[in-house]
Amino acid sequence: MNGIFITVEGPEGAGKTSVLQKIGQELIRQGLNIVLTREPGGIRIAEQIREVILNKENTEMDERTEALLYAASRRQHLVEKVIPALEKGDIVLCDRFVDSSLAYQGYGRNIGMDEVWSINQFATNGIMPDMTIYFDVDIERGLNRIAKNDQREVNRLDLETLDFHKRVQEGFDLLLKKFPDRFVKIDANEDFEKVYEHALELIKKLLLERGAI
Ligand SMILES: Nc1ncnc2c1ncn2[C@@H]1O[C@H](COP(=O)(O)OP(=O)(O)OP(=O)(O)O)[C@@H](O)[C@H]1O
Ligand SMILES: Cc1cn([C@H]2C[C@H](O)[C@@H](COP(=O)(O)O)O2)c(=O)[nH]c1=O
């Protein structure tokens, strides 16, 4: 596969979606073949699975069921959208991927990162991003941002305790140490424009190294 696979990760309200959308628009404007997508979702079946996972009424969902549903949506999204794009040589910008499962289900839910890693190996055949930008934001600040956004529907994961979200952040911190070659951290507490410029600079650097620009 000669495409380039870039993911963004981080806690709630870090700014991943808004920044990635703006970067996608800018790179398309520059004439690059960009596939902008998200997890869970991005294609019909995965969006249906997203609705099941994030539905506020599904409070009885078992944590392993949750991990399996994320992995199932990931599998379908990879096979149907990400792999074909990478095979064509496109640049795939994806909002969340396996690292979210490791941090949220593996560490936050306490299933264990190794167990969650193994079901995800089955789902992905070991495909991992070329680069992952980690949006580092203070948990309270991120949650405040989403609380203020009246366009965004509150989902089941948003309703988790502050403690849970702090554990997720600790999980991400462990991943940054575990995968230093792939992860790059940016300060997402900054103003939107600053975060956008920093993330765009990192992506352009990678594209330059790979001869894509
Ligand atoms: N740097 C920033 N400073 C202030 N507000 C921001 C910043 N970045 C994004 N926002 C706002 O915060 C809210 C959440 O942003 P966004 O949806 O992009 O975050 P996210 O990381 O994708 O969140 P989630 O993963 O919870 O969906 C939006 O209302 C957005 O406009
Ligand atoms: C991929 C993935 C996501 N999650 C969580 C993280 C968020 O709380 C939601 C997705 O909502 P967003 O607004 O699109 O960020 O799902 C998770 O727990 N595990 C995963 O693998």
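The model is predicted, so local features need pLDDT of at least 70 and side-chain atom pairs count only at pLDDT 80 or more, while totals for chains, interfaces and linings use all residues. Residues are numbered from 1 along each chain as its sequence is written, and chains are lettered from A and ligands numbered from 1 in the order in which they are written.

Let's start with the annotation. UniProt, in an unreviewed entry, places the feature "domain: Thymidylate kinase-like" at residues 8-196; such annotations may be inferred rather than shown by experiment. Over that stretch the chain is 56% helix and 12% strand, with the end C-alpha atoms 12 Å apart. Helices (H or I, at least four residues) and strands (E, at least two) are DSSP runs, numbered from the N terminus.

Now for the core. The largest nonpolar core has 47 residues, and Ile 23, Val 92, Leu 93, Phe 135 and Ala 199 touch the most other members. Helix H3 (residues 63-88) gives the most to this core, eight residues. A nonpolar core here is a set of buried Ala, Val, Leu, Ile, Met, Phe, Trp, Tyr and Cys residues joined through C-beta atoms within 7 Å. Buried means 20 or more other C-beta atoms within 10 Å of a residue's own, exposed 12 or fewer, and partly exposed in between, with C-beta atoms placed from the backbone.

Next comes ligand 1. Its shell holds 14 residues, of which Gly 15, Thr 17, Ser 18, Arg 145 and Asn 149 come nearest; a residue belongs if its C-beta atom, placed from the backbone, lies within 6 Å. Helices H1 (16-29), H6 (139-148) and H8 (192-209) each give two or more residues, and H1 has the largest share, three. The shell divides into four nonpolar, six polar and four charged residues.

His 165 sits in helix H7 (residues 162-178). His 165 is buried because 20 other C-beta atoms lie within 10 Å. The table compares contacts (C-beta atoms, placed from the backbone, within 7 Å), leaving out residues up to four places away in sequence.

| Residue | Contacts (C-beta within 7 Å) |
|---|---|
| Ile 23 | Leu 93, Tyr 196, Ala 199, Leu 200, Ile 203 |
| His 165 | Pro 11, Glu 12, Ile 139, Leu 143, Glu 160 |

Finally, helix H2 (residues 44-54) has buried residues Ala 46, Ile 49 and Arg 50. They cover an arc of only 110° around the axis, so they lie on the same side of H2; the arc is that of the directions from the helix axis to the C-beta atoms. These buried residues pack against H3.

Note on methods: Two residues are in contact if their C-beta atoms, placed from the backbone, lie within 7 Å. Ala, Val, Leu, Ile, Met, Phe, Trp, Tyr, Cys and Pro count as nonpolar, Asp, Glu, Lys and Arg as charged, and the others, Gly among them, as polar.
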